[in-house]
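This report describes a structural model, from its basis and confidence to selected local features. The sequence and structure are shown first.

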Amino acid sequence: MSLNGSACIVGAYEHPTRKADALSVVRLHADVARGALEDAGLSKGDIDGYFCAGDAPGLGTTTMAEYLGLKLRHVDSTECGGSAPILHVAHAAAAIAAGRCNVALITLAGRPRAQMAAAQAAAKDGKGRAPLALKPPDPDAPELAFELPYGPATQNLYAAVAKRHMHEFGTTSEQLAWIKVAASHHAQHNPLAMLREVVTVEDVLNSPLVSDPLHRLDCCVMSDGGGAIIVARPEIARQLKRPIVKVRGTGEAPKHGMGGKMDLTYSAAAWSGPLAFAEAGVTPADIQYASLYDSFTITVLMQLEDLGFCKKGEGGRFVADGNLISGVGKLPFNTDGGGLCNNHPANRGGITKIIEAVRQLRGEAHPAVQVPDCSLALANGIGGALASRHTAGTLILERV
Amino acid sequence: MSTPDSNRVKPAGAPGPRRIPAPRVLPESQAYWTAADEGRLLVKQCRACGEFHHYPRDICPHCMSADTEWLQAAGTGTVYSFSTMGKGEAAYTLAFVTLEEGVTLMTNLVDCDPADVAIGQPVRVVFKPSDGGHAVPMFTPA
């Protein structure tokens, strides 16, 4: 069953907060649900499907249905880290096509920044221990004994991919820096962005080395907040007042250590991308705007190659000289500033990738970064870690 | 093997080198860690398809046969990629090393200046004490 045209995105909302000291995780989820409903012109009673991932509190879909008072006939808590909302859109389209729901709400939210600040303050007062950035590892995870003793962190797992890419293809730190430079050019126009200052390649290279070869400015921000998306049956979308954004292509794939036959030169986007392009019946050259997961600069570079925007190994040359800057280069990306400059709520960048793609397709991005007559956009997520295990989700959206 | 002074496990909260968390061992990989305590690196091979795999499982990830066996690895390999994180004596180098047997595993590069390490460089296994648990295989330039 092709999902091309089976559903539309009718609502999108990004939480304005970047540090939620006084807002709980459930409240953030509820805030973005309200925002997306208002954006769509729908009400709570219209929702009959709900989707969330591991960032939702308690029992996820059940807890959120109770808090929001939702009466549902379809739920899905597919969890694969930051790419989950991209998969949720595809799964919502499939559920709508199968007649299992008509209007699906997807939420993502969290407050890791406020939690970290509170835990650090408690540790300083001697009332608690220093916080973990992520949930404690699952003792039943079979890989744990073979990884945890070696200190895998998000930063060094992505850095190892960057170093291998440099070794195989001659990619340079200067080229990676251009990705941050492009994001900062977009973020200067976003009053909510955490990092609004335009930076240069030299600024990135002069920022402290976090895990070689990645510098601090190669990394995304850490933020609170979240976002929501509403996916609906096309017949419903046509009755609403918003521009119609159609789901045209979807793809998803996990990639892992492959039993030790490891190859860090490509990501799971090399598998999810072709599925989405085949379903959409378009090619990378047709895409006018791309939201690319930007946990680190290297993440963006890998997706550009793996999705086919350039050949494998040529990502460094592709991103150089502002090629990702809207109005300047060939492929405008993350025009809200992305995770590199704007926000990365709940340590998960998937929902904001979809939201900015929807803004571009509706013509509602900031005028300084709006792609003229943008009718075909892509959003891609990488959830997990590139060097160990991750799941990619690719979404191709069209304004009709 | 390990040099007790330079690799002593530091007490909680104290400054100094990164503590090596003890591996949380599942029953199917107990033999690997028992061997590590004896200074031997094991690798799993499938009797059905002949392929090596890592991390070690009862069930072969290549063909799903349950007929897998432990072999002693040569203990040598080459650096696939690596990255150094942290400052001063807390700095450590996460690495991926491809063993002679063909599998690539996550590890640390130790007893060397990572600035002198290159991808493709030959390395050999050494065993370091963990924080109250089994010895952990790590690698150093051969």
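## Contact between the chains

Two residues are in contact if their C-beta atoms, placed from the backbone, lie within 7 Å. By this criterion, 27 residues of chain A are in contact with 33 residues of chain B. On the side of chain A that touches chain B, α5 (154-169) and β5 (209-211) of chain A each supply at least two residues. Helices (H or I, at least four residues) and strands (E, at least two) are DSSP runs, numbered from the N terminus. The most is given by α5(A), with seven residues.

The residues on this side of chain A divide into 15 nonpolar, seven polar and five charged. Here Ala, Val, Leu, Ile, Met, Phe, Trp, Tyr, Cys and Pro count as nonpolar, Asp, Glu, Lys and Arg as charged, and the others, Gly among them, as polar.

## Basis and confidence

This is a predicted model, in which local features need pLDDT of at least 70, side-chain atom pairs count only at pLDDT 80 or more, and totals for chains, interfaces and linings use all residues. Residues are numbered from 1 along each chain as its sequence is written, and chains are lettered from A and ligands numbered from 1 in the order in which they are written.

The model scores ipTM 0.95 and pTM 0.95. Chain B has a mean pLDDT (the predictor's confidence in each residue, from 0 to 100) of 91, and 89% of its residues reach 70 or more. Over residues 1-13 of chain B the pLDDT is below 50, and this stretch has 16 contacts in the model beyond near neighbours in sequence.

## Overall form of chain A

Chain A contains 13 helices and eleven strands. Its radius of gyration is 20 Å, close to the 21 Å that the globule rule gives for 400 residues, so chain A is as compact as a globular protein of that length. The radius is taken over C-alpha atoms, and the globule rule is 2.2 Å times the number of residues to the power 0.38. Along the principal axes, the C-alpha atoms of chain A fill a box of roughly 55 × 50 × 45 Å.

## A helix pair in chain A

The axes of helix α3 (residues 84-97) and helix α13 (residues 350-362) of chain A come within 6 Å and cross at roughly 60 degrees. That makes α3(A) oblique to α13(A). Axes are lines fitted to C-alpha atoms, for helices over the stretch in contact, and angles run from 0 to 180 degrees between N-to-C directions. Angles under 35 degrees count as roughly parallel, over 145 as roughly antiparallel, 65 to 115 as roughly perpendicular and the rest as oblique.

Ala84(A), Pro85(A), Ile86(A) and Val89(A) of α3(A) make the contact with Gly350(A), Ile351(A) and Ile354(A) of α13(A). These residues divide into six nonpolar, one polar and no charged.

## The sheet of chain B

In chain B, three strands form an open antiparallel sheet in the order β2-β1-β3. Strands β2 (52-53) and β3 (68-72) of chain B stand at the edges, each with a single partner strand, so one side of each is left without a neighbour in the sheet. Two strands pair if DSSP finds at least two bridges between them. Strand β1 (residues 42-46) of chain B pairs with β2(B) over two bridges, and Gln45(B) has Phe52(B) in β2(B) as its bridge partner.

## Backbone features in loops

Most residues other than glycine have a negative phi, and most peptide bonds are trans. The peptide bond from Asp212(A) to Pro213(A) is cis, with omega near 10 degrees; Pro213(A) lies in the loop between β5 and β6 (214-215) of chain A. The bond from His54(B) to Tyr55(B) is also cis, with omega near -10 degrees, and Tyr55(B) is found in the loop between β2 and β3 of chain B.

Asn334(A) has a positive phi, near 40 degrees, and lies in the loop between α11 (315-319) and α12 (338-341) of chain A.
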